[in-house]
Amino acid sequence: MTNPKVVRGLVALQAICMIVLTVVIVVQVVPLNGRVDPGTDPGKAEGGEKSDPEQAGGELPPGTVIATIGGESITLGELQKQLTMQYGHDVLRTLMVRHAIRMEAEEQGITVTDAELEQELQQLSEGYEDKESFYRAMEDQLGLSKEDVHRDLRYRLKLEKIAIADIPVSDRAVDEHLRDNKEQFAPRVQVRLSWIVTETRRLAEQAMSDAAGGADFARLAANYSIDEFTSGLGGDMGMIEMDDPFIDPQVLEAVQPLDPGDITGPLQVDEGYAVIRLTERRVSTPPDEQTIREMVRKQLALSAAPPLPSVEDQLLEKYEASFMPVQP
């Protein structure tokens, strides 16, 4: 599943990644096919003088053809113009904001430690099987590498520190929040489930009998299950929070007393009759008391601070950011 906080925190990098990806494709792929716009010498600069690609850092002239359609050519210059028009303002603002955050952090002596970064990553990766699954999701869904994720989080953590630098939060306020929100930092239980869903109870009972006789559960799921999303995965439903509102409550209740490897059922569910196997149970370890108090203090300060985009605007104004509007 996708953590919404992760998406909100990292989606700003998408435009940058798209442009970087395009540049990589243009620089690395186009020279291999050697196709250029008719009448354009790729070895000549705009002034007509011969240029050395190696001395020029491998840069291609704007007239380089990077695609054709119906006999018409699309040049590198056209692509660059379209990217600038479509993403230029947002990407430019992101770059300026990052410069402003860096300058303000240096002025205030604000840093982000590896321990703070690790703590944030731990929170953001909750709901994923492990941290590597989280990184894979960021790569697949947003095109962000592990290094991109770390870099973006460091900027965000610095911005948050800047936003709350002058907002005090009393110990009493922290105590009251902890008293009123005890469940927020309670141990979280996750289970990994596999299931077989059949149309009739008789088939479900047959699947249970086969499983009790030693048959492979994954093979039984492939043979019996009508759930198109999990039957090809051996019935695997992945890691599930025990308070997940999207999972049938009776399913969660049924697996509560099970040990890993145990099977229960048949249960009547919306899809039919389910045979369920508990594969794994995980119980998270809450942070220590001091860490929890600092997390709450930060949370309360951020709730009292201006929205982070407003803080970004203030930083841009402070450092006299200016840019030339992109014209069509």
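Which side chain meets Glu 160 in a salt bridge? The side chain of Lys 298 does, with N and O 2.7 Å apart. This is a predicted model, where local features need pLDDT of at least 70, side-chain atom pairs count only at pLDDT 80 or more, and totals for chains, interfaces and linings use all residues. Residues are numbered from 1 along each chain as its sequence is written, and side-chain values use heavy atoms, leaving out hydrogens and water.

**Salt bridges**

- The count comes to 21 salt bridges (a side-chain nitrogen of Lys or Arg within 4 Å of a carboxyl oxygen of Asp or Glu).
- Lys 298 lies in helix α11 (residues 289-304) and Glu 160 in helix α6 (residues 146-163), so the pair links distant parts of the chain, 138 residues apart. Helices here are DSSP runs of H or I with at least four residues, strands are runs of E with at least two, and both are numbered from the N terminus.
- Glu 160 is buried, with a relative accessible area of 7%, whereas Lys 298 is partly exposed at 27%. Buried means under 20% relative accessible area, exposed over 50%, and partly exposed in between (1.4 Å probe, protein chains only).
- Lys 298 and Glu 160 also belong to a salt-bridge network with Glu 120 and Arg 156.
- Arg 93 pairs with Asp 313, their closest N and O atoms being 2.5 Å apart. Arg 93 lies in helix α3 and Asp 313 in helix α12 (residues 308-318), so this bridge ties together parts 220 residues apart in sequence.
- Arg 93 is partly exposed at 25% relative accessibility. Asp 313 is partly exposed too, at 41%.
- Lys 131 and Glu 118 form a salt bridge at 2.1 Å, N to O. It links helix α5 (residues 131-142), which holds Lys 131, to helix α4 (residues 114-124), which holds Glu 118; the two residues are 13 apart.
- Lys 131 has a relative accessible area of 21% and is partly exposed. Glu 118, at 38%, is also partly exposed.

**The sheet**

- Four strands form an open sheet in the order β4-β3-β6-β5, with antiparallel pairing (two strands pair if DSSP finds at least two bridges between them).
- β4 (236-241) and β5 (263-269) are the edge strands, each with a single partner, so one side of each has no neighbour in the sheet.
- Neighbouring strands are turned by 35 degrees against each other on average, direction ignored. The axes are lines fitted to C-alpha atoms, for helices over the stretch in contact, and angles run from 0 to 180 degrees between N-to-C directions.
- Ten bridges join β3 (residues 189-198) to the antiparallel β6 (residues 272-283). Ser 194 stands opposite Arg 277 of β6.
- β5 and β6 are antiparallel over five bridges, and a hairpin joins them through two residues. Val 269 has Gly 272 in β6 as its bridge partner.

**Aromatic pair**

- The structure holds one aromatic pair (ring centres of Phe, Tyr or Trp, taking the six-membered ring of Trp, within 6.5 Å).
- The ring centres of Phe 134 and Tyr 135 are 5.5 Å apart and their planes stand at 50 degrees, so the pair is tilted. Planes under 30 degrees apart count as stacked, over 60 as edge-to-face, and the rest as tilted.
- Phe 134 and Tyr 135 are both buried.
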